[in-house]
Amino acid sequence: MSEKYRASRTTGREVLAGGLLTGLATGLAWSSVVELFSTDKVFSGTEFQTSLVVPGLVAVLVWKLWRTGLVFGVIVAYLTLLFPLINIVYIGANVLQAAFAGAIAGIVYGSPWAIWRAFRPTTTTTTTTTTTTTGEAESATTSDTPASPTTTTTTTTTTTTTATGEAGGGVSLDE
């Protein structure tokens, strides 16, 4: 994915929506797995350890579909599991209540990234390379070395930093 596409794709609102989706899906999936594993009214340590895979799978799924970042998704999913979900399932909440709590936690834990994405400066780097070949090749019979022309390479790199907000207005920081 190009840097220009990523900068235009993941705005603050979309990161916040990705956090909401990650929290909602984590709450729904993890509480459903807990309900499935505890049909015998006993939730053992092995079942709990197996259910710890679910937030990671949810984070990968949201990352593939929403493109907010894998690290972002994993952190939001496991924080959502760690604080509200384990506690709310422990006191006897149903799947719907756990999904709602997960959605709220996803917004709360995703908001620092959303604020950062909304107000971060975007950087665009353009590199231009020009190659010029000059000179004539000598005959291979007049010298022991093969013929080689002279090559000059010029590289120009331009970096543009623009501070953008959610409204889309930009201020150029280049001089």
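Helix 2 contributes the most residues, three, to the lining of the largest cavity. Helices here are DSSP runs of H or I with at least four residues, strands are runs of E with at least two, and both are numbered from the N terminus. The model is a predicted one, in which local features need pLDDT of at least 70 and side-chain atom pairs count only at pLDDT 80 or more, while totals for chains, interfaces and linings use all residues. Residues are numbered from 1 along each chain as its sequence is written, and side-chain values use heavy atoms, with hydrogens and water left out.

## Cavity and pocket

Rolling a probe the size of a water molecule over the atoms shows where empty space is left. On a 1 Å grid over the protein atoms alone, a cavity is a set of points where a 1.4 Å probe fits but cannot get out; a pocket is an open set with protein on both sides within 12 Å along at least five of seven lines; and lining residues have an atom within 4 Å of a point. Grid points are joined across faces, edges and corners, and a volume is the space filled by probe spheres set on the points.

By this rule there is one cavity of 30 Å³ or more. The lining of the largest cavity consists of Ser31, Val34, Glu35, Val89, Ala93, Asn94, Val95 and Ala98. Helix 2 and helix 6 (95–119) each supply at least two of the residues lining the largest cavity. The largest pocket is lined by Trp30, Val34, Glu35, Ser38, Lys41, Phe43, Phe48, Ile86, Val89, Tyr90 and Ala93. For this pocket, helix 2 (12–37) and helix 5 each supply at least two lining residues.

The table gives volumes and lining classes, where Ala, Val, Leu, Ile, Met, Phe, Trp, Tyr, Cys and Pro count as nonpolar, Asp, Glu, Lys and Arg as charged, and the others, Gly among them, as polar.

| Space | Volume | Lining residues by class |
|---|---|---|
| Largest cavity | about 30 Å³ | five nonpolar, two polar, one charged |
| Largest pocket | about 230 Å³ | eight nonpolar, one polar, two charged |

## Backbone and exposure

Most residues other than glycine have a negative phi, and most peptide bonds are trans. Lys41, one of the residues lining the largest pocket, has a positive phi of about 65 degrees although it is not a glycine. Lys41 lies in the loop between helix 2 and helix 3 (45–51). Lys41 counts as exposed because its relative accessibility is 75%; the limits are under 20% relative accessible area for buried and over 50% for exposed, with partly exposed in between (1.4 Å probe, protein chains only).

Arg67, also not a glycine, has a positive phi of about 60 degrees. Arg67 is located in the loop between helix 4 (54–66) and helix 5, and at 31% relative accessibility Arg67 counts as partly exposed.

Ala29, in helix 2, is partly exposed with a relative accessible area of 24%. Ala29 and Val58 are 29 residues apart in sequence, and their C-alpha atoms are 7.9 Å apart in space.

## Nonpolar patch and overall composition

Val60, Leu70, Val74 and Tyr78 make a nonpolar surface patch of about 270 Å². Helix 5 (residues 70–90) gives the most to this patch, with three residues. Leu70 belongs to helix 5 and is partly exposed, with a relative accessible area of 34%. Patches are made of residues with over 30% relative accessible area and no salt bridge, like charges being joined within 9 Å and nonpolar side chains (Val, Leu, Ile, Met, Phe, Trp, Tyr) within 5 Å. A salt bridge is a side-chain nitrogen of Lys or Arg within 4 Å of a carboxyl oxygen of Asp or Glu. Accessible areas come from the Shrake-Rupley method with a 1.4 Å probe; for residues, only the protein chains shown count as cover.

The protein has six helices and three strands, in the order α-α-α-α-α-α-β-β-β from the N terminus. Of its 175 residues, 27% are buried.
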